[in-house]
Amino acid sequence: MSEKWDLRFLRLAREVATWSKDRSTQVGAVIVADDKTPGPYGYNGFPRGLDDDLEARHERPSKYRWTEHAERNAIYNAARIGMTLKGCTMYVTHISCVDCARAIVQVGITRVVVDASSLEEPGFADRWSEDARITKEMLEEAGVVFALVEVPKESAE
């Protein structure tokens, strides 16, 4: 896809991320078919039906047991509607953890586009740098194209 479309879908992923109730990092993911049709999306949050207002569930390390990542939520949403993801592109606001990278590879997503500005977020790189390294290696080895795209702060496209 062209850079114009990459920017559009990354901005959409940023919007989806705002729906997350995570108090430290809001992540959004949008899956798009070859023909630029946006499909399922996901944000990081608790599974359906769980009480996400309980403070203790938002504290590290406990929150990691309660929270599902945006990428897998988007994949699960595709499964709920019976959509195959083979050949699709995933747009995500942050680089994926290794668990999400494995899911991306397994469902046949062929391209992952990440908002490059997320790498500058304080604390995020500290917590996820080792996962980011392995994720890039895993995606490359599996033949999944990985792209970092800089999204301008004020973009009218």
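Biologist: Let's start with a proline: where is the place of P61?
Modeller: Happy to begin there, and please keep in mind that this is a predicted model. A cis peptide bond joins R60 and P61. As for its place in the chain, P61 sits in the loop between β2 and α2.

Biologist: About how many degrees is omega in the peptide bond that joins R60 and P61?
Modeller: Most peptide bonds are trans. The bond between R60 and P61 is cis. Its omega is about 0 degrees.

Biologist: Stepping back, in what order do the elements of the protein chain run from the N terminus on?
Modeller: The secondary structure of the protein chain comes to five helices and five strands. Read from the N terminus on, the order is α-β-β-α-α-β-α-β-α-β.

Biologist: What is the radius of gyration of the protein chain, and what does the globule rule give for 157 residues?
Modeller: The C-alpha atoms fill a box of roughly 45 × 35 × 35 Å along the principal axes. The radius of gyration is close to what the globule rule gives for 157 residues, so the chain is as compact as a globular protein of that length. Both the radius and the rule's value are 15 Å.

Biologist: What percentage of the residues of the protein chain count as buried?
Modeller: The accessible surface of the chain comes to about 8,500 Å², and 51% of that belongs to carbon and sulfur atoms. Looking at contacts between residues at least 6 apart in sequence, 65% join residues at least 24 apart. Of the 157 residues, the buried share is 46%.

Biologist: How far apart do the centres of the positive and negative side chains lie?
Modeller: The protein chain has 21 positive and 26 negative side chains. The centres of these two sets lie apart by 3 Å.

Biologist: How many salt bridges does a search of the whole structure find?
Modeller: One of them brings together the side chains of K21 and D52, at 3.2 Å from N to O. This pair links distant parts of the chain, 31 residues apart: K21 is in the loop between α1 and β1, and D52 in the loop between β2 and α2. Over the whole structure, the search finds nine.

Biologist: Are K63 and D22 buried or exposed?
Modeller: The side chains of K63 and D22 meet in a salt bridge of 2.9 Å, N to O. That pair also links distant parts of the chain, with K63 in helix α2 and D22 in the loop between α1 and β1, 41 residues apart. Both K63 and D22 are buried.

Biologist: What is the relative accessible area of R23?
Modeller: R23 and E55 meet through their side chains in a salt bridge of 2.9 Å, N to O. The two are 32 residues apart, R23 in the loop between α1 and β1 and E55 in the loop between β2 and α2. E55 counts as partly exposed at 44%. R23 is partly exposed too, and its relative accessible area is 48%.

Biologist: How far apart in space are R80 and P40, C-alpha to C-alpha?
Modeller: R80 has its place in helix α3, and at 59% relative accessibility R80 counts as exposed. In sequence, R80 and P40 are 40 residues apart. In space, their C-alpha atoms are apart by 9.6 Å.

Biologist: What value is phi of K36 near?
Modeller: Most residues other than glycine have a negative phi. K36 has a positive value although it is not glycine. The residue is in the loop between β1 and β2, and its phi is near 75 degrees.

Biologist: Is H94 buried or exposed?
Modeller: H94 is found in the loop between β3 and α4. Leaving aside neighbours within four places in sequence, its contacts include T25, E71, V114 and F124. The cut-off for buried is under 20% relative accessible area. H94 has 4%, so H94 is buried.

Biologist: Which elements are included in what covers the buried residues of α4?
Modeller: In α4, the residues V98, C100, A101, A103 and I104 are buried. Just after α4, G108 takes a positive phi of about 90 degrees. The cover over the buried residues of α4 includes α3, β3, β4 and α5.

Conventions
Residues are numbered from 1 along each chain as its sequence is written. This is a predicted model: local features need pLDDT of at least 70, side-chain atom pairs count only at pLDDT 80 or more; totals for chains, interfaces and linings use all residues. Side-chain values use heavy atoms; hydrogens and water are left out. Helices (H or I, at least four residues) and strands (E, at least two) are DSSP runs, numbered from the N terminus. The radius of gyration is taken over C-alpha atoms; the globule rule is 2.2 Å times the number of residues to the power 0.38. Buried means under 20% relative accessible area, exposed over 50%, partly exposed in between (1.4 Å probe, protein chains only). Contact means heavy atoms within 4.5 Å. Accessible areas come from the Shrake-Rupley method with a 1.4 Å probe; for residues, only the protein chains shown count as cover. Lys and Arg count as positive and Asp and Glu as negative; His and the chain ends are not counted. The place of a charge is taken as NZ of Lys, CZ of Arg, CG of Asp or CD of Glu. A salt bridge is a side-chain nitrogen of Lys or Arg within 4 Å of a carboxyl oxygen of Asp or Glu.
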